[in-house]
Amino acid sequence: MNLPIFVARRYLFAKKKRNVINLINWVALGGIAIGTAAILLVLSTLNGLSEFITNMYSAMDPDLKIVASTGRLIDQDEAFLKQLASIPNIALVSQTVEGKILLKYQEKQSFGVLKGVDSLFTQINPVDEHVYEGTYSFTPEDGYPRAVFAIGFPFYLGINLFDKIDPVELIYLPKKKRGLLGSTLTSLRKVSVFPSGFFKVQPKEYDEKYIISDLNFAQDFFSYENQVTAYEIKLIDPEDAEETKREVQAILPEKMEVLSWYDQHKSLYRVMRNEKFISYLILTLVIAIAAINIVGSLSMIVLEKSRDISVLKSMGATASLIRRIFLWEGVLIGGIGVALGVSIALILAVAQQQFALIYLEGSDLPFPISLQLNDFLLICFTVFFLCGLASLYPSYHAGKLEVIEGLKR
């Protein structure tokens, strides 16, 4: 065994003349263990929430989305679609149309967003798996087109899925057109539809305002002839989204841009990332405070073992060797603390995953938690760095101890 590690281990576990040294060691070790467990659990919880939110939005948001960089509409182009399909990581491309509308049902009104989708849409965004009442179908019934409504509309408008008498009226008011004589208001467009089902995907902005219909129906309603508002793309490997984004950007026509999932939710992603970083910094302070105890503990051990240090030096040990002994002792305290903390965190995390000890507030869903290797590595590096830093002063003082001075003590 390496000599500095061997001596450091003996000093750490050997019985001390002063019980207070053992107490300080245990306080430092316990603080590091609790801090490690806390950081790992908090980061894993934030990972779980991030994945949970991502999964919720994936029902309506694709891996990549091509939109107009100026204006709202892009022309349907079969040649461009073939170019997209030739990119190796692209699995599917769906064409969609979106527009704001007014809904009227009986005497109630509400604003919403009509989204027209093609047959590939549900293979990219599985909103059909989130239909909780009725079916995902656009097949006309009794001469009326049908659409799938978000869960918010039965609540705000009182829409009844089984009402075959009163359809829902969709109203669209095109933007003002400017001419030589000033602005003129084009006529309202109205169409009546029946709901085929209601969907619920969790994000409030979708569950309160979206109506999904057939692409051709939406294009006719908005008068978007051979035009769409977006191309939505499913990737074979979402982990390579940024690389694929660059490949798509290279072939994009003018006045078009491509957005990754994170581009579509910049604010949300930034908040989640900042929360994780701030939580890491705050909980690192707990470990830093615990590591300060190592300074006092090692300083007292240096005083207690000053005669041993002098004997080692008289036998030829260098100041560098003595410093490494006490550096390793601080690292060993950190290592034991990390091992205990990680064990505690793993037990609690696995228990939550297997037995759902805690549920999301107001829900029957278990609180999500996701363990990631990067978090383990980050925590281990942080603890060993802080413990090594805390050991520098006592180890430096031990290395400077003179042989005669130590033998006198």
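**Notebook: helices, loops and a few single residues**

I began with serine 370, which counts as buried because its relative accessibility is 11% (buried means under 20% relative accessible area, exposed over 50%, partly exposed in between, with a 1.4 Å probe and protein chains only). Before going on, I noted that this is a predicted model, where local features need pLDDT of at least 70 and side-chain atom pairs count only at pLDDT 80 or more, while totals for chains, interfaces and linings use all residues. Residues are numbered from 1 along each chain as its sequence is written, and side-chain values use heavy atoms, with hydrogens and water left out.

**Entry 1: the loop between helix 12 and helix 13**

I found serine 370 in the loop between helix 12 and helix 13 (helices are DSSP runs of H or I with at least four residues, strands are runs of E with at least two, and both are numbered from the N terminus). Which residues does serine 370 contact, leaving aside its neighbours within four places in sequence? I noted Ser44, Asn47, Gly48 and Glu51 (contact means heavy atoms within 4.5 Å).

Most residues other than glycine have a negative phi. Alanine 356 is buried, with a relative accessible area of 18%.

**Entry 2: another positive phi**

Lysine 255 is not a glycine either, and I read its phi as positive, near 65°. I located lysine 255 in the loop between helix 8 (241–251) and strand 14 (256–260). Is lysine 255 buried or exposed? Lysine 255 counts as exposed, because its relative accessibility is 57%.

Next I looked at helix 2 (residues 19–57), where valine 20 is found. Valine 20 counts as partly exposed, at 38% relative accessibility. I checked valine 20 against phenylalanine 121: they are 101 residues apart along the chain, and their C-alpha atoms are separated by 68 Å.

Leucine 40 is found in helix 2 as well, and this one is buried, with a relative accessible area of 1%. Leaving aside neighbours within four places in sequence, I listed Val342, Ala345, Asp375, Phe376 and Ile379 as the contacts of leucine 40. From leucine 40 to serine 196 I noted 46 Å in space, C-alpha to C-alpha, and 156 residues in sequence.

**Entry 3: the buried side of helix 1**

In helix 1 (residues 3–13), I picked out the buried residues as Pro4, Val7, Ala8, Tyr11 and Leu12. They lie on the same side of helix 1, because they cover an arc of only 135° around the axis (the arc is that of the directions from the helix axis to the C-beta atoms).

**Entry 4: helix 12 against helix 13**

How do the axes of helix 12 and helix 13 cross? They come within 7 Å and cross at roughly 150° (axes are lines fitted to C-alpha atoms, for helices over the stretch in contact, and angles run from 0 to 180 degrees between N-to-C directions). Helix 12 and helix 13 are therefore roughly antiparallel (angles under 35 degrees count as roughly parallel, over 145 as roughly antiparallel, 65 to 115 as roughly perpendicular and the rest as oblique). I noted a right-handed crossing for helix 12 and helix 13 (a crossing is left-handed if the near helix is turned anticlockwise from the far one by less than a right angle, and right-handed if clockwise). On the helix 12 side, the contact residues include Ala319, Phe326, Gly330 and Leu346, and on the helix 13 side they include Phe376, Cys387 and Gly399. By class, I have 16 nonpolar, seven polar and one charged residue here (Ala, Val, Leu, Ile, Met, Phe, Trp, Tyr, Cys and Pro count as nonpolar, Asp, Glu, Lys and Arg as charged, and the others, Gly among them, as polar).

**Entry 5: helix 10 and its two partners**

Helix 10 (residues 266–304) packs with helix 13 (residues 373–400) at an angle of about 30°, with axes 9 Å apart. That makes helix 10 roughly parallel to helix 13. The crossing is right-handed, and the contact has 16 nonpolar, five polar and two charged residues.

With helix 12 (residues 319–355), I noted axes that come within 11 Å and cross at roughly 140°. That makes helix 10 oblique to helix 12. Here Ile294, Leu298, Ile301 and Val302 in helix 10 meet Phe326, Glu329, Gly330 and Ile333 in helix 12. I sorted these residues into six nonpolar, one polar and one charged.
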